[in-house]
Amino acid sequence: MATALPFLPLLLSKPSSPPPPSLSRRTTTRPLRKCGKLAVAARKPWPPLWPRSSSQPTPEVAREGDADEISRATLLWRAAKLPIYSVALVPLTVGSAAAYLQTGLFFAKHYFVILSASMLVITWLNLSNDVYDFDTGADRHKKESVVNIIGSRTVTQYAANISLALGFMGLIWASIEAGDVRSILLVAYAILCGYVYQCPPFRLSYQGLGEPLCFAAFGPFATTAFYFTNRSKYLTRFIYKSIYLLIHDLLDWITPFNHVMQIFSGLSHLPLTGTVLSASVLVGLTTTFILFCSHFHQIDGDRAVGKMSPLVRIGTRAGSKVVRFGIVSLYFLLLAFGLCKTLPLTCVFLCALTLPVGKIVVDYVEENHNDNNKIFMAKYYCVRLHALFGIALALGLWLARAGNKA
C-alpha cells in the first residue's frame with residue numbers, strides 16, 4: 001500500500017498539451033552524432049493518462065481497430081494485459097488494510113506470496129479465456145490473442161494450467177500459514193467463478209453472466225479471503241502459550257487474563273465485519289466496470305459466435321447509460337457505507353477524491369460508445385479508476401487505524 005503512494009501524482013496528473021504541428025509540408029530531423037555515425041533521433045510519444053477530446057485523437061487510439069497497422073510490440077503488450085493485473089493487487093491490498101484496521105498487524109511475507117499467486121491465477125484466467133474464445137471462433141481473427149501470436153493452442157493451454165496450479169499452491173500455503181480454512185474456501189469459490197465464466201461446458205459468459213460472476217469473484221470472495229489470510233497461527237500460539245504460563249504463576253489474575261484473551265481473540269479467527277464486506281462490494285463494482293467496458297469494441301465478433309454479452313443484448317447507447325448508472329451507484333454506496341459507519345470517514349473522503357476519474361470514464365464512454373477505434377480504451381480508463389479507488393480505500397482503512405492509535 002505504501003509503495004503505491006509515489007505513483008499517485010502520475011495517475012492523477014493531466015498531461016500537457018502537445019505542441020502544434022508544423023505548417024510546412026516537409027519536416028526535418030536534427031541528426032545526432034553517436035559513435036562517429038549519424039543517427040536520427042526519433043521519439044514515440046507516451047499514451048496520455050487523460051483522454052483527449054474527439055477533435056484531438058491520438059494516433060494510437062485512431063489505430064486501435066486497424067489490425068494491419070499494429071506493430072508486433074503493441075500486440076504483445078495487449079496480449080500481456082499488464083494493466084489488468086491490478087485486479088489481483090486491489091482486492092489483496094484492501095483486504096490486508098481491513099485486517100490491519102481490525103488487528104493492527106500486517107504480514108508482509110503473506111502479502112507478497114499471495115500477490116504472486118494471485119497474478120498467476122489471473123494469468124490462467126487470461127490465457128484460458130484466449131484458448132476457449134479461439135475454440136468458439138470469437139478470437140480467430142483477433143491478432144492480439146495469445147493463441148494467434150504463439151500459433152499454438154496446446155502450448156497456451158498448458159501454460160494456463162501450469163499458472164493455475166502454481167497460483168493455487170501459493171494460495172493454499174498462505175491459508176495454511178494463517179490457519180483459517182475460510183480463506184481457501186473463498187479463494188476456491190472465486191476460481192470456480194472464473195472457470196464457469198469461460199470454460200466448457202459452462203461458458204456462462206456466453207449467456208451474459210460474466211459481470212455478476214466477476215463481481216462475486218473479485219469482490220466478496222477474493223477481498224474477504226485475503227482479509228482472512230492476514231494472521232499467523234504461529235504468532236497466535238506463541239501469545240496463548242505465554243499467557244497460559246503466566247496464569248499458572250499468577251492464579252489471582254484471572255480477570256485480567258480473561259480481558260487479555262478477549263484482546264487477542266481476533267488473532268485466532270478474524271471476525272467477518274461490515275467494514276470488509278462494504279469494502280469488498282466497492283472493489284467488486286470497480287472490477288466489474290473493467291469487464292463491462294471491454295465488450296464495447298467486441299460486439300460484432302461476440303454476436304457472430306453467439307456470445308450474448310450484456311452489450312450485445314442492449315447495444316452501446318444503453319450500455320453507456322449503464323456505465324453512468326454504475327459510477328453514480330459506486331459513489332452513492334460509498335456515501336451510504338460512510339453514513340452507516342461501516343466504512344471509516346477517511347475512506348469516504350479519500351475515495352471521493354477519485355470522482356474526477358469516474359466522470360472521465362462516464363464522459364469518454366458516452367462520447368465514443370459507437371466508435372470501435374476509440375472505445376477500445378474505455379477499459380483502460382476503468383482500470384485507472386479501479387486502481388485509484390482501491391488505493392484510496394486501502395489508505396483510508398490504514399489511516400483509520402492510525403487515528404485510533406493516536
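This briefing covers a pair of packed helices, the annotated transmembrane spans and the cysteines of one structure. The model is predicted. Helices α4 and α12 come within 10 Å of each other, axis to axis, and the count of disulfides is zero.

**Packing of α4 and α12**

- Two packed helices are described by the angle between their axes and the distance between the axes.
- Helix α4 spans residues 86-103 and helix α12 spans residues 274-293; their axes cross at roughly 170°.
- Because angles over 145 degrees count as roughly antiparallel, α4 is roughly antiparallel to α12.
- On the α4 side, the contact is made by Val 87, Val 90, Pro 91, Val 94, Ala 98 and Leu 101.
- Helix α12 contributes Thr 275, Val 276, Ala 279, Val 283, Thr 287 and Ile 290.
- By class, this contact has 10 nonpolar residues, two polar residues and no charged residues.

**Annotated transmembrane spans**

- An unreviewed UniProt entry lists residues 82-101, 108-127, 155-174, 181-197, 209-229, 276-297 and 383-400 under "transmembrane region".
- In the model, residues 82-101 are 80% helix and 0% strand, with end C-alpha atoms 30 Å apart.
- Residues 108-127 are 100% helix and 0% strand, and their end C-alpha atoms are 29 Å apart.

**Cysteines**

- The closest cysteine sulfur to that of Cys 293 belongs to Cys 382, at 3.4 Å.
- That distance is too far for a bond, because a disulfide requires sulfur atoms within 2.5 Å.
- Cys 293 is buried, with a relative accessible area of 1%.
- Cys 340 counts as exposed, at 55% relative accessibility.

Note on methods:
Residues are numbered from 1 along each chain as its sequence is written. This is a predicted model: local features need pLDDT of at least 70, side-chain atom pairs count only at pLDDT 80 or more; totals for chains, interfaces and linings use all residues. Side-chain values use heavy atoms; hydrogens and water are left out. Axes are lines fitted to C-alpha atoms, for helices over the stretch in contact, and angles run from 0 to 180 degrees between N-to-C directions. Helices (H or I, at least four residues) and strands (E, at least two) are DSSP runs, numbered from the N terminus. Angles under 35 degrees count as roughly parallel, over 145 as roughly antiparallel, 65 to 115 as roughly perpendicular and the rest as oblique. Contact means heavy atoms within 4.5 Å. Ala, Val, Leu, Ile, Met, Phe, Trp, Tyr, Cys and Pro count as nonpolar, Asp, Glu, Lys and Arg as charged, and the others, Gly among them, as polar. UniProt positions are given in the numbering used here, feature names are shortened, and annotations may be inferred rather than shown by experiment. Buried means under 20% relative accessible area, exposed over 50%, partly exposed in between (1.4 Å probe, protein chains only).
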